[in-house]
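Try each task before you read its solution.

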Amino acid sequence: MSLDDLKYVKVKTHPTARNQAVSTQPLLAGSIVLSNQAFATVLFENQKGRRCDHCLVLSETLRKCSGCASCCYCDANCQTRHWPSHKKLCKRWNSFASSNEFQALPPHERLDCVLLSYFASPLSANDQLAIFKSLLPGPTHHSPPPTCTPVDGADGLYDRFGNNNFTIHSHLNSFAHGIFPLASRLFNHSCTPNAAARYKLVRGQAVTMEVVALRDIAEGEEICIPYLDPALLQTRQQIFQLTYGFQCTCISCEGLKSVGPIPDVPQDPARLAALEYRLRTFIGVDDLEHCVLRTKPITQSLPSEIRCFLKEDYIEHLSGVFSQSSHDGPYDRALDSGTTLLAMYLLIYPENYPQIGMHALELAKTAWNASMPMNDIVRRQHAMAQVRACLSVSRRILGLYGPEGDGGGPLAEITTLQQLVDQEG
Ligand SMILES: [Zn+2]
Ligand SMILES: [Zn+2]
Ligand SMILES: [Zn+2]
């Protein structure tokens, strides 16, 4: 597929970036803006032998390549399709992979090294390769990692990796890296994007990235995707400059700039609890049962006493407390930290961002667990109402984002939990 075959997006000049992708017609939330099949993919090392090296589908009956025993496939079809890019590596792979030179590389460079090897094959010459070569290089030159087989122009190709390659996920859990030249060519970044990528795995086929509209998009509106997790409130600007070579001026970044230096989170537990309560009520989520889930972008009107929460290490801390206590209890601590985290997500992420839906599902599961030992009928009904409210939010957001990656996952969990709740009456 080339830039000329696009249906819902077109490339337009942009005042500061190279180009922008704008919609050619009004798009409804949940519609697929672009499907882009991968040019090349590489599994994380802990996924090798669990997933097919061609289609990345999970399987318990993979067969190994008899040449290297390093790549595994669903069947002969996947192996044949992978062979044009694998054949240059196959024979030399084992001695290269055991070399000190390769072993000394950090894990992400070992992945890059495999991706770079795809460019060694002349058979990979196609539209996508041409588009990849037309991408802008990153702001700083890094020497490419050693490759198992010589690659012409490895320097120039590698300069396009850091700012263009994607992390592939299933149910939002990362498991591979991939090169999707058309998507790289089209979409600029925003920390409050109106679209996001999901990945479709089909046995026998290369992975497809689908860019999904998170909300209704008007004709001619720019379509942006996130290059990194917007929750990296402090480090994201630095990453944009060092890895991507731009400064983000999205409403979230401008809002963050306008609130000025972020004060420290108070140490005193009572003061902290009071401010967290203030945050939850300000966002409107303190009562989960009746919460109105509306995103509230960071602006200068954010009350000064709760600005201390705009810190990525605080978000990380909350998320740690929530994930630990949501499994092992105490559940009131889990619901408390989880609701505060929900408030933070609504402040940081844009409307219908999949992480909000995932978190609402975790909250629904926690409220369900919390309701189990309750004998008091009133308290139990209240907990059930919380489960229903969180499930409904989660279903709306994740239903709109659509299924991703492996089977099952959050959409199946929502259905199961809903059945349990319905049985409760
Ligand atoms: Zn396969
Ligand atoms: Zn092999
Ligand atoms: Zn931004």
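**Exercise 1.** Over residues 52-90, what percentage of the chain is helix and what percentage is strand, and how far apart are the end C-alpha atoms?

Before starting, note that this is a predicted model, where local features need pLDDT of at least 70, side-chain atom pairs count only at pLDDT 80 or more, and totals for chains, interfaces and linings use all residues. Residues are numbered from 1 along each chain as its sequence is written, chains are lettered from A and ligands numbered from 1 in the order in which they are written, and side-chain values use heavy atoms, without hydrogens and water.

*Solution.* Helices (H or I, at least four residues) and strands (E, at least two) are DSSP runs, numbered from the N terminus. Residues 52-90 are 38% helix and 10% strand, with the end C-alpha atoms 16 Å apart. An unreviewed UniProt entry places "domain: MYND-type" here; such annotations may be inferred rather than shown by experiment.

**Exercise 2.** Find the donors of the zinc ion (ligand 1) and describe the site's geometry.

*Solution.* Step 1: Look for N, O and S atoms within 2.8 Å of the metal (3.2 Å for Na, K and Ca). The SG atoms of Cys-52, Cys-55, Cys-74 and Cys-78 coordinate the zinc ion at 2.3 Å.

Step 1: Check the angles. They run from 98 to 116°, so the site is tetrahedral (four donors, all angles between 85 and 135 degrees).

Step 2: Read the spacing, C-x2-C-x18-C-x3-C. Cys-55, in the loop between β4 (40-43) and β5 (63-64), and Cys-74, in the loop between β6 (72-73) and α1 (76-90), link distant parts of the chain, 19 residues apart. Both Cys-55 and Cys-74 are buried (under 20% relative accessible area, 1.4 Å probe, protein chains only).

Conventions: Tetrahedral: all angles 85-135°; square planar, octahedral: opposite > 155°, others 65-115°. Buried < 20%, exposed > 50% of the residue type's maximum accessible area, 1.4 Å probe, protein only.
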